[in-house]
Amino acid sequence: MPPIVTLTTDFGLSDHYAGVMKGVILGICPKAQIVDITHECGAYNISEAAFTIAQAYRYFPAKSVHVVVVDPGVGTARRPILVEAAGQFFVGPDNGVFGLILSREKHKVRVISNERYFLRPVSRTFHGRDLFAPVAAHLARGIPPSRIGKGIDDYLQPKPSSGTVLKVDRFGNIITSFPAADFPHEQFTLLVGKGKVTRFAANYAQFGRGELFAIAGSSGYIEISVEKGSAAKLLGVAPGAPVRLSAPRRSGRPDS
Amino acid sequence: MPPIVTLTTDFGLSDHYAGVMKGVILGICPKAQIVDITHECGAYNISEAAFTIAQAYRYFPAKSVHVVVVDPGVGTARRPILVEAAGQFFVGPDNGVFGLILSREKHKVRVISNERYFLRPVSRTFHGRDLFAPVAAHLARGIPPSRIGKGIDDYLQPKPSSGTVLKVDRFGNIITSFPAADFPHEQFTLLVGKGKVTRFAANYAQFGRGELFAIAGSSGYIEISVEKGSAAKLLGVAPGAPVRLSAPRRSGRPDS
Amino acid sequence: MPPIVTLTTDFGLSDHYAGVMKGVILGICPKAQIVDITHECGAYNISEAAFTIAQAYRYFPAKSVHVVVVDPGVGTARRPILVEAAGQFFVGPDNGVFGLILSREKHKVRVISNERYFLRPVSRTFHGRDLFAPVAAHLARGIPPSRIGKGIDDYLQPKPSSGTVLKVDRFGNIITSFPAADFPHEQFTLLVGKGKVTRFAANYAQFGRGELFAIAGSSGYIEISVEKGSAAKLLGVAPGAPVRLSAPRRSGRPDS
């Protein structure tokens, strides 16, 4: 079976960047099946990248290697990481792009440190080419993850009470980063933008016109909506905005 | 020879949808060569998808599987179909996206019904992922078409006298869905938008300024043009607009 | 190892053109790994295509075949060429798209003339499909270059003193086609747009506000900048604009 490497970036499609990453991957792993998830994430939009890869990975076979390069901190101290989760590999910066996967799947995180698998010299500005692409290609070829770097515990983890706006859909519904599966249906408060939300709806028509509510969206995340209106406009928020949840102690979250 | 699966959709390139379809395909048929024809069809624009796939399929080798997902009726009673034509396979909704191929090639149409080849549970909103991608991948792997579903006769067929505007080019020429090969050169009337066309031109300069004419375009379809002007503006039409042909009884149309 | 064919065009992603080229390639070389560098070069923008492929090819393995179709002269007397350089193949029109590679790498240029490797009949408008894609696929399959056509010496070559604006970045810096490696650091004049540049900077902050200077950019080419401003606006230039260099006799340029 040819190994799969997917790409999710904010490089756009006009420049040579995505093509160059593919050249590097194929030089190391000539049989790789390379799949573009998207190169049109908003520039530096970590939330959007996190949402995109979290929506996509479940449909890929075991051992797929997912590279995410939305990396405003490239060249700084932020660490490159390899996440093993759901039988697949995730390669990218430790900046939250894998946050939704970390909060949903059992996982092991390693720091990418073995320079043997880098393209040298490593530039300060294009780790997609020099670091993430070659490491992904070596993993796709079958290098064991332990060779890439040591396990770490101090990676960026989403806090259960702190979320973000992942996306605003064309109706103005706000897709948050809170998984719908274990969200409290009562006694909660979501603080978002200029307002707060305290009611949970079973369907979109449950509340009256103009009333804000939370609902389990088709994306698998809690969405904030308002009957016949744009919740995003009403609350004044855009992707990346923080959402804070206060609620009574939640039950343990299943890991798989 | 690795099997080929092509994709033609209106999903755009910013979201995870096309990537997810590829994950599903590669999970079933790991060696597939997946080719994007386009994901930039206008939203719900069946005519544009029909034109795009009809322009592309001839350049693909035998047994290629073409998936077209421009599907405003997803979740309704419209049927999913498999078309066998020109030694290739076409998978998509029975809504006209294969109309130009059906009118040009000998064909057999099956309803896609064998749930064994679906991704279950089948959602109401994303048959590209749950139905068309997996069926295409199974066909690419070599499953015989007869296993997908029974042959049907009551699929949507283009009527010889009813056409549509497939595209308006940047000069304002109107590309219609009437194949140039068997179009009458005289004694015809094309009713389109605010006007009608009754003359056939051998070249673009044959008629005077401002006069409408039909011409055999480089696309293989009848185009409506006007010397030094925009036929689309003059007639007030856009892609998807109906074009009606009245003509004396036409000779039989060759099937291949 | 599956052979690699890359594509760099100005076709955009809405139409069937890029997909059709891939169908042609896979019909001839079914195992090809096809990589899109970009299909979003500006229409007819030869400089942009030249810059894009020159930035990309170094990251591809030996024997990769790079197809560039930005070809305003298609159908005219401009010749199709095959360039062998850096252990790779470059296929496209003889119009300057390979200029930066020719000025940097040892090379051999052939005219593409053996119609046996074309898709016939060759159209006047789509050599990407009828000529460049099939020739590239045959090369990818292992046909020796000598079969494609004879070596020529009278191909379009960049003159050392004549350059162009390859790109303007979002800060207004002008990326020229002069390689940074062998550029004189003093006693030079660059004539560009409404002004001239005679100073070379080691870093961006070396000169005062409003002063134009040349600098070795991260792209590997000489860039023209102005501290805290847009050099492109100041000089009134856009991609494709000519840049003329006068300088004392330059030392020989290394070929590899």
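Is B:Asp71 buried or exposed? I looked this up first: B:Asp71 is buried, at a relative accessible area of 8%. For my own reference, buried means under 20% relative accessible area, exposed over 50%, and partly exposed in between (1.4 Å probe, protein chains only).

**Ground rules.** I am working with a predicted model, in which local features need pLDDT of at least 70, side-chain atom pairs count only at pLDDT 80 or more, and totals for chains, interfaces and linings use all residues. Residues are numbered from 1 along each chain as its sequence is written, chains are lettered from A and ligands numbered from 1 in the order in which they are written, and side-chain values use heavy atoms, with hydrogens and water left out.

**Salt bridges within chains.** I took a salt bridge as a side-chain nitrogen of Lys or Arg within 4 Å of a carboxyl oxygen of Asp or Glu.

I then turned to chain A, where A:Arg78 forms a salt bridge with A:Asp71, the closest N and O atoms being 2.6 Å apart. Both A:Arg78 and A:Asp71 are buried.

Next I noted A:Lys22 and A:Asp36, whose side chains form a salt bridge (2.9 Å, N to O). A:Lys22 sits in helix α1 (residues 17-28) of chain A and A:Asp36 in strand β2 (residues 33-38) of chain A, so the pair ties together parts 14 residues apart in sequence. Helices (H or I, at least four residues) and strands (E, at least two) are DSSP runs, numbered from the N terminus. A:Lys22 counts as buried at 8% relative accessibility, while A:Asp36 counts as partly exposed at 21%.

I also found a network of salt bridges linking B:Arg79, B:Asp94 and B:Asp154.

**B:Gln88.** What does the side chain of B:Gln88 meet in a polar contact of 2.5 Å? The partner is the side chain of B:His66. A polar contact is a pair of N or O atoms within 3.5 Å; within protein, one must be able to donate a hydrogen and the other to accept it, and residues adjacent in sequence count only if both atoms are side-chain atoms. The backbone oxygen of B:Phe60 lies 3.3 Å from a polar atom of the B:Gln88 side chain. B:Gln88 belongs to strand β5 (residues 88-93) of chain B and is buried, at 4% relative accessible area. Not counting residues up to four places away in sequence, B:Gln88 touches residues including B:Tyr57, B:Pro61 and B:Val83; contact means heavy atoms within 4.5 Å.

**Chain C against chain A.** I found 18 residues of chain C in contact with 17 residues of chain A. The area buried between the two chains is about 1,500 Å², with 61% from carbon and sulfur atoms; buried area is the accessible area (1.4 Å probe) that two parts lose on being put together, summed over both. One salt bridge crosses this interface: C:Lys167 with A:Asp15, the closest N and O atoms 2.4 Å apart. I also have seven residue pairs in polar contact between chain C and chain A (both at pLDDT 80 or more). On the side of chain C that touches chain A, β2(C) gives the largest share, five residues.
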